[in-house]
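Visitor: I have a structure open here and would like to talk through it with you. Could we start with the helices and strands and then see where the chat goes?

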Amino acid sequence: MSEALTSEPLRGPLEIGFDYTRSLGPVLSRFMTGLAAGRILGARAADGTVHAPPFEYDPVTFAPPEEFVEVGPAGTVISWSWMPAPLAGQPLDRPFAWALIRLDGADTALLHAVDAAPAAPAGPATPAAMRTGMRVQPRWAAERVGSIRDIVCFQPSSEPEGGPASVSMAPSTRSSGLDGANDTVGEAVEETVGVTVTGMVAPVHLVYEHTASPGESAFLRGLAQGRLLGQRCPVCGMVYVPARGTCPVDGGPMAEQVELPDTGTVTTFCIVNVPYPGQRVTPPYVAAAVLLDGADISFQHLVLGCDASQVRMGMRVKAVWKPREQWGTTAENISHFAPTGEPDAAYETYARHL
């Protein structure tokens, strides 16, 4: 058995990131517009309880809310969890608490960050600075755009504990104590801001440790040597590149390693015309399924070196490798595939692999 197949699997950090854009709908739109105005809105349910943030559908009647209520801005910590080492992208860059905060006038809790010791003179805050029942108030961003991040965080209030909101999470029918506890609150907020926030962009960034399978590890180690390695099923004889470890047809393990040439045939393709953030190639360009000579399954890569309109099914292509000093255990060692100038492959030679 090849050393590439028996070596320890490769491990490495993997990052996935993109900007997620969503429409807010009428309820969250009004909530975010309120934040832009420095006001926090909740919604009154059919049973009289006030939900903040507001619900999109009443949990009892399933109907959209008809009445918006201004709550807070101060509130009481119901429960909390300490964050000793903040992660990138979190609200604060020093130790803080994630807390469920019931705002004055609300019957449900809002999850947000609490800067437990904003003026700590002797180093970062510790969990001792937090407690259930603590009164807190929001720290607003200097520039508000209609986002939950318009509230930078909450911080301890000078109010004594046991104020307007109690620690109990039982529903109450008390009044919020604020004027305009009806839909005119939401309308007034929109008039104050002058614009209704209808959408939001939420950056999504995930970093985790990926462990490659033995077959995938062999393929990646081969790429670091400028080789394209696959595996052959001992039952059906099909060759898979990248290697899968187990044949998806017969279910048995694959131990035989096969080295393939870096030439192949375009079986299917897509012309990318739409630009997007982080794009490395200027549109239009082609993402294609390339069937390497001797393989029984294609894999996706770029086809460059010609006008996108010239790419076609059956086109013969060859890998264009990056300079050797840039090679690593990554498929990016191959910059792209380019036309070889050979006659197109006959359809029947790759039809069964589509």
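**Helix, sheet and loops**

Guide: In this predicted model, helix α2, residues 25-36, lies across β2 and β4 and runs at about 150° to β2.

Visitor: Which strands make up the sheet with β2 and β4, and in what order?

Guide: Three strands form an open sheet in the order β3-β2-β4, and the pairing is antiparallel. The edge strands are β3 and β4, each of which pairs on one side only.

Visitor: How many bridges join β2 to β4?

Guide: Four bridges join strand β2, residues 40-44, to β4, and these two strands run antiparallel. Among the residues involved is A43, whose bridge partner in β4 is F68.

Visitor: What about the loop between β3 and β4, where does phi of F62 sit?

Guide: F62, which lies in that loop between β3 and β4, has a phi near 65°, a positive value in a residue other than glycine.

Visitor: Is F62 buried or exposed?

Guide: F62 is exposed, with a relative accessible area of 62%.

Visitor: Switching to prolines, which peptide bonds are cis?

Guide: One of them is the bond from A52 to P53, with omega near 5°, and P53 lies in the loop between β3 (50-51) and β4 (68-71). The bond from P283 to P284 is also cis, with omega near 0°, and P284 is found in the loop between β14 (263-272) and β15 (285-292).

Visitor: New topic: how many disulfides does a search of the whole structure find?

Guide: The search finds zero disulfides. C233 is in no disulfide, and the nearest cysteine sulfur, that of C247, is 3.6 Å away. C236 is in no disulfide either, with the sulfur of C233 as its nearest cysteine sulfur, 3.6 Å away.

Visitor: Last one, how many residues of helix α4 are buried, and which?

Guide: Seven of the 10 residues of α4, which spans residues 214-223, are buried, so this helix is largely enclosed by the rest of the structure. The buried residues are G215, S217, A218, F219, L220, G222 and L223.

Methods: Residues numbered from 1 in each chain as written. Predicted model: local features only at pLDDT ≥ 70, side-chain atom pairs only at ≥ 80, totals over all residues. Heavy atoms only, no water. Buried < 20%, exposed > 50% of the residue type's maximum accessible area, 1.4 Å probe, protein only. Disulfide = S-S within 2.5 Å. Pairing = 2+ DSSP bridges. Contact = heavy atoms within 4.5 Å. Axes fitted to C-alpha atoms, helices over the stretch in contact; angles between N-to-C directions.
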